There are 2 protein chains.
Amino acid sequence: MSENKYLSIYNDLLSKIEKGIFKPGMKIPSENQLVEQYETSRETIRKALNLLSEHGYIQKIKGKGSIVLDVRKFDFPISGLISFKELAQKLGKPSRTIVEQLEVMKPDDMLKKHLHVTAREDIWKVVRVREIEGERIILDKDFFNKKFVPFLSKDICERSIYEYLEKELQLKISFAKKEFFVEECTDEDRKYLHVEQYTHVVVVRNYVYLDDASLFQYTESRHRLDKFRFVDFARRIHLH
Amino acid sequence: MSENKYLSIYNDLLSKIEKGIFKPGMKIPSENQLVEQYETSRETIRKALNLLSEHGYIQKIKGKGSIVLDVRKFDFPISGLISFKELAQKLGKPSRTIVEQLEVMKPDDMLKKHLHVTAREDIWKVVRVREIEGERIILDKDFFNKKFVPFLSKDICERSIYEYLEKELQLKISFAKKEFFVEECTDEDRKYLHVEQYTHVVVVRNYVYLDDASLFQYTESRHRLDKFRFVDFARRIHLH
DNA sequence: TTGACTTACTTGTATATACAAGTTAAAATA
DNA sequence: TATTTTAACTTGTATATACAAGTAAGTCAA
C-alpha cells in the first residue's frame, strides 16, 4: 500500500493493534525480531515504532520492549487533523451534512486577520450543519483562500471537501492549529442548530496549513455544549 | 545542559526560535550547515529538527529547507503534559494554589474505574483551587495511587506536586490522555469556585501514566466556562 | 538460602554512507 | 531572447555498525 517501508510497517503494526492481534498490555515483538519479520534494518523498524509511540499506541520501555497501550482503544475523536467524514466513519453513528451556504466573498476584518489575506483576494465561504443521529449538533463555517481552491460545488461540500482537495486538487494538507473555547450562542447558532436550552456553544477555531506552510483554510466549528467531546494524547518532554 | 546531543541541539534551536534569533517565516540553517555548527552527524541534527517539527515550531520542506512557524508564538496553553506551575510561569499572570482537601481514602466505584485500583488500595485525594488574577477559576481534584506516592503534604500540594514527584521521588511521568467535555455545575463547583452566572463548567479528565505505562494519577480539572482555553497542534498523517 | 555476578537480552544514541527526489539558479543551447 | 539542460543544493529514506544502558534470569559462591 505505502511506498515507504517504515510507513507500511507502521500501518501493518497499527492494524494488528486495532484488530486485537496485539492486545493492550501485551508485548509486541522486539526490534530485532521485527527486523527479521519485515526483512529490513533496525532503524527502519524504530521509525515505525516511534510513530506508534508518538500517537499513543505503544509504550517503549528501555531494556524491556514495547507494550500495547489501551488509551487509544475506545476514544474518539482523539487529537489530530481529521475530516468530519473520516471522523463519522470511525464513530459509526448515522450522520449527514447539510450545506447551508456556499459563496465567494471578499474578506471582512475578521477574515483578514484569521486567514492572513488582503481585501482584494477572493474567499470561499462554506456553511455546513452536521446532523448526528437526527440532531443538528455542529455548525461548521469554513473559509478557503480561492487562490488554493479555485472551484467548489454543493456536491463536493456535502460529500467531503478534504477528499476533493487532496485527491482532485492534490493539495498537501500538512498541519493545523486548533483553539478551543466556549462562547455564548449567537442568532446564527440558534438559526441553524438545535441548541435546546443551552446558552453557550463550544467553539473550535481551526487554522489549516499546506505542505509549504501556507495558511489556506480557516474554520470555525461550533458544537452544542452537551455533545462536545475531545480527547488528547500528550507525552511529557524531559530536558535533563 | 542535556546529556543527549540531539536534545541539547533541540533545546538550543528552540531557544533561538523563542528569543527571535530565528524569526517566523525565516529559514533556519540547512541540515549540513547545522552538522558543521554543532560538529555532529546529520542523523543527530535530523532528530532535533523532527522534534521541532512535531511540536509545531518548524516546517520541513523537501528540497528547500526548514522554516520557522508562528503557530506556537502567542498561544498557551498548547497541548502537552504540563503542570499548573509550569503553565502559570509561561502565562505570567499572578496565580495562587489553595489546598482545600488532602487525605488518604479508599477508592469508590468512580475511582476504581478511572484509576484501575482495587477496593483495598489506598488513594491520595487532593482538592485544589487555582486562583488566577484573584478569581477562583479552576478546581483540580487529583487522585494518586499511594503505591507510587507514599507521602504528600499541604506544602507540596501548594508548591508543585509534579516537581516533588519528579525531583524527589524520581518518578518518570511519561504520557497522559486528556478528555474534554462540558458538564453542569455541581454543588462542589459552586462551593469552591466563583462560577458567577454560568450553569456549566468545562471538565478535563486527565489520566497520567509513568514510564512503564502504569496509571498512577487521575485528575478531574473543572474550569469556569468563560476562562477556559486550549490550543492543539496536529499534523495530518498521510499513508500513501 | 541469600546475595553478588555474569550473561543474554532489550531499547537508546551516535555515526557513516548511499541514493532518491524536490528546488533553484546558473549554464548551455536553440 | 527564450527555453532546456545541467549542476549544486535541499530534505527523505534505507542500511550498517558500534557502543551505552536498562532488564531479567540464571549461575556461582559465601
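**Notebook: salt bridges**

I began with B:D189 and B:R222, and both are buried (under 20% relative accessible area; over 50% is exposed and in between is partly exposed, with a 1.4 Å probe and protein chains only). They form a salt bridge, with the closest N and O atoms 2.7 Å apart (the rule wants a side-chain nitrogen of Lys or Arg within 4 Å of a carboxyl oxygen of Asp or Glu). This pair links distant parts of the chain: B:D189 sits in helix α8 (residues 187–192) of chain B and B:R222 in strand β8 (residues 215–224) of chain B, 33 residues apart. Helices (H or I, at least four residues) and strands (E, at least two) are DSSP runs, numbered from the N terminus.

Some housekeeping: this is a predicted model, where local features need pLDDT of at least 70 and side-chain atom pairs count only at pLDDT 80 or more, while totals for chains, interfaces and linings use all residues. Residues are numbered from 1 along each chain as its sequence is written, chains are lettered from A and ligands numbered from 1 in the order in which they are written, and side-chain values use heavy atoms, without hydrogens and water.

Next I looked in chain A. A:R222 and A:E220 make a salt bridge at 2.7 Å, N to O, and both are buried.

Then I checked a pair within one helix. B:E158 and B:K154 meet at 3.2 Å, N to O, in a salt bridge. Both lie in helix α6 (residues 154–159) of chain B, 4 residues apart, about one turn of the helix. B:E158 is partly exposed at 34% relative accessible area, and B:K154 is partly exposed too, at 48%.

Last, the total: I get 52 salt bridges over all chains.
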